[in-house]
Amino acid sequence: MKTTTANFKIDSQTTIGKVVLKVANIEKLAAFYSEIIGLTILEKSERTVSLGVARHVLLELQKVDNPLPLTRKTGLFHVAFLVPTRKDLGNMLYHYLEAQAPLQGASDHGYSEALYLTDPEGNGIEVYHDKSRSEWDIRPNGDIIGITIEMDAARVLAVADRKSSAFPEGTTVGHVHLKVSDLAKTDDFYTNILGLTRTSDFGSQAKFFAAGDYHHHIGSNIWLGNNIPAMEENDLGLDYYTFVVPNQATFDQLKEHLKATNTRFEVETHQSLSLSDPSGILIRVEVK
């Protein structure tokens with residue numbers, strides 16, 4: 001049966017693929033993400049560096065000439081790297097402490113435990129692991145309620161084996177948290193256009209969205225204020241991020257839904273397309 005625009009939901013196996021950042025000092029950022037954060041350099045040129053885990057690209061750096069000064073604009077709040085286990089998070093915390101990494105915080109969110117850092121150009125980073133789903137606060141209506149309390153760092157460190165200072169195989173980009181200009185338009189786009197589910201609603205401040213029953217693949221907030229301007233070509237920060245759909249059928253279904261809702265998008269190949277959200281944030285959708 002053909003999915004209609006009224007009940008369209010993207011396949012529950014859809015995930016975040018990679019995040020692409022525009023940077024001023026590509027050598028410094030490549031060293032930071034590989035030596036401090038825990039990614040591996042997979043490919044490197046004068047203007048582009050691809051980093052990831054086990055041949056999977058999770059982060060790409062692109063050099064920007066004559067970057068504009070940092071201002072209050074839409075874009076990346078943080079990229080969140082999801083490690084497989086609490087032990088892996090403990091290993092990373094040990095490494096960050098020994099490396100004197102720029103840790104900004106450590107939180108227990110109910111469904112996850114997370115470390116927060118900032119890179120040398122001001123991009124936010126989260127490194128986290130998910131708790132067992134049985135520990136999540138899932139309400140009858142499907143909302144997944146998060147909290148923010150201090151993480152029990154001692155217990156996280158206690159389960160570490162300190163055998164690695166790099167992200168283990170199986171690490172992914174679990175979610176991307178965005179700075180947006182309008183929450184209502186963001187809500188409409190991610191639910192009605194991309195077919196995600198709103199999983200958490202913090203009223204006038206933030207909203208979270210996911211494919212399937214995950215706690216969130218996309219976070220959005222207006223903590224910088226309403227109607228902040230979109231990024232320009234020479235701004236530092238987020239260039240784009242990718243959604244990865246599990247098969248060609250899902251991709252084709254999304255493409256037809258975008259046409260039916262008169263959503264502007266560009267077909268790049270038969271397995272990739274691009275579109276922008278209401279805050280001017282570029283998204284690429286690709287087949288796995």
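Guide: Strands, here and below, are DSSP runs of E with at least two residues, helices are runs of H or I with at least four, and both are numbered from the N terminus. This is a predicted model, in which local features need pLDDT of at least 70 and side-chain atom pairs pLDDT 80 or more, while totals for chains, interfaces and linings use all residues. Residues are numbered from 1 along each chain as its sequence is written, and side-chain values use heavy atoms, leaving out hydrogens and water.

Visitor: In which sense do β14 and β15 run, and how many bridges join them?

Guide: Strands of a sheet pair through backbone hydrogen bonds, either parallel or antiparallel. Two strands count as paired if DSSP finds at least two bridges between them. Strands β14 (residues 206–210) and β15 (residues 218–221) run antiparallel and are joined by four bridges.

Visitor: What is the order of the strands in the open sheet of nine?

Guide: The order is β11-β6-β7-β8-β5-β12-β15-β14-β13, and the pairing is mixed. At the edges stand β11 (149–150) and β13 (197–201); each has a single partner strand, so one side of each has no neighbour in the sheet.

Visitor: Which strands does α1 lie across here, and at what angle does α1 run to β8?

Guide: α1 lies across β5 (75–82), β7 (112–118) and β8, at about 30 degrees to β8. Such angles run from 0 to 180 degrees between N-to-C directions, with axes fitted to C-alpha atoms, for helices over the stretch in contact. Helix α2 also packs on this sheet, touching β6 (103–108), β7 and β8, and its direction makes about 25 degrees with that of β7.

Visitor: How do α1 and α2 pack against each other: at what angle, and how far apart are their axes?

Guide: Two packed helices are described by the angle between their axes and the distance between the axes. For α1 (residues 26–37) and α2 (residues 86–98), the angle is about 120 degrees and the axes are 10 Å apart. Contact (heavy atoms within 4.5 Å) is made by Glu 35, Ile 36 and Ile 37 of α1 with Met 92, His 95 and Tyr 96 of α2.

Visitor: What is the order of the eight strands in the other open sheet?

Guide: The eight strands are ordered β2-β3-β4-β1-β16-β19-β18-β17, with mixed pairing. The edge strands, β2 (40–44) and β17 (266–269), each pair on one side only. On average, neighbouring strands of this sheet are turned by 25 degrees against each other, direction ignored.

Visitor: In which sense do β1 and β4 pair?

Guide: Strands β1 (residues 15–23) and β4 (residues 56–63) pair in the parallel sense, over five bridges. Leu 21 stands opposite Leu 61 in β4, and Lys 22 stands opposite Gln 62 in β4. By contrast, β3 and β4 pair in the antiparallel sense over six bridges. Their hairpin has two residues between the strands, and in it Ala 54 takes a positive phi near 50 degrees. β2 and β3 are also antiparallel, over four bridges, and form a hairpin with three residues between them.

Visitor: Take Ser 50. Is this residue buried or exposed?

Guide: Ser 50 lies in strand β3 and is buried, with a relative accessible area of 10%. Buried means under 20% relative accessible area, exposed over 50%, and partly exposed in between, with a 1.4 Å probe and protein chains only. The bridge partner of Ser 50 in β4 is Glu 60. Beyond neighbours within four places in sequence, the contacts of Ser 50 include Thr 40, Ile 41 and Val 57.

Visitor: Which residues of α5 are buried?

Guide: An α-helix has 3.6 residues a turn, so residues three or four places apart point the same way. In α5 the buried residues are Thr 250, Phe 251, Leu 254, Lys 255, His 257 and Leu 258. They cover an arc of only 160 degrees around the axis, which puts them on the same side of α5; the arc is taken over the directions from the helix axis to the C-beta atoms. Among the elements that cover them are α4 (183–193), β16, β17, β18 and β19.

Visitor: And Lys 131: where does this residue lie?

Guide: Lys 131 lies in the loop between β8 (124–130) and β9 (137–138). Lys 131 is buried, with a relative accessible area of 17%. Not counting residues up to four places away in sequence, Lys 131 touches Asp 108, Gly 110, Tyr 111, Ser 112, Glu 113 and Trp 136.
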